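We will go from stop to stop, with something to pick at each one.

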Amino acid sequence: AVVSTQSTGVLFRENLINKMCRHCIRFPNRSEELHVHLAKSILSQAHLAPLPLHVLPVYWSYDYALRLYPIPDVVVVADKYDAFSVNATDSLIMNPGSFPKSNFSFKVYMPAQRKVENCEINT
């Protein structure tokens, strides 16, 4: 976790969207809503592993490290899914996406403005 006097952030590497799609009860109507469902699941459960234990096992001695309390200002889910950023409940959930698969694009987070900027390396 990244902590400063003004904002807090969490960086988490897991392919959550793929696992959520394989084990969801009700699939979203549009694929554009997948990242919104992920953001709501993480924030409503205040946990980085919002799936059942048989899908995403948790080592109980370190479960406290996956909890999101208090809710951070930014959560970076480094997933191989497409890049996205969602503002929900005063928190920003973002995924930079796969660097080589997205034409060498990446995201820059500016904590003072609480904004995300899309950037790309020209080849």
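What follows is a short tour of a predicted model.

**Stop 1: a charged patch**

Select Arg13, Arg22, Lys80 and Lys101, and show their side chains. Together they form a patch of positive charge on the surface. Now centre on lysine 80. Look for this residue in the loop that links strand 3 (74-77) to strand 4 (84-88).

**Stop 2: a lysine under cover**

Next, pick lysine 107, which sits in strand 6 (residues 105-110). This lysine is buried, yet it has no salt bridge. Which side chain of opposite charge is nearest to lysine 107? That is glutamate 117, at a distance of 11 Å. A salt bridge would need a side-chain nitrogen of Lys or Arg within 4 Å of a carboxyl oxygen of Asp or Glu.

**Stop 3: backbone angles**

Most peptide bonds are trans, and most residues other than glycine have a negative phi.

- Select tyrosine 69 and proline 70. The peptide bond between them is cis, with omega at about -5 degrees. Proline 70 lies in the loop between helix 2 (34-45) and strand 3.
- Move on to threonine 89, in the loop between strand 4 and strand 5 (91-95). Threonine 89 is not a glycine, but its phi is positive, at about 45 degrees. Its relative accessible area is 63%, so threonine 89 is exposed.
- Then go to arginine 114, in the loop that joins strand 6 and strand 7 (115-120). Here too is a residue other than glycine with a positive phi, near 55 degrees. Arginine 114 has 39% relative accessibility and therefore counts as partly exposed.

**Stop 4: a nonpolar patch**

For the last stop, switch to a surface view and select Phe99, Phe104, Phe106, Val108 and Ile121. These residues make a nonpolar surface patch of about 370 Å².

Notes:
Residues are numbered from 1 along each chain as its sequence is written. This is a predicted model: local features need pLDDT of at least 70, side-chain atom pairs count only at pLDDT 80 or more; totals for chains, interfaces and linings use all residues. Side-chain values use heavy atoms; hydrogens and water are left out. Patches are made of residues with over 30% relative accessible area and no salt bridge: like charges are joined within 9 Å, nonpolar side chains (Val, Leu, Ile, Met, Phe, Trp, Tyr) within 5 Å. Accessible areas come from the Shrake-Rupley method with a 1.4 Å probe; for residues, only the protein chains shown count as cover. Lys and Arg count as positive and Asp and Glu as negative; His and the chain ends are not counted. The place of a charge is taken as NZ of Lys, CZ of Arg, CG of Asp or CD of Glu. Helices (H or I, at least four residues) and strands (E, at least two) are DSSP runs, numbered from the N terminus. Buried means under 20% relative accessible area, exposed over 50%, partly exposed in between (1.4 Å probe, protein chains only).
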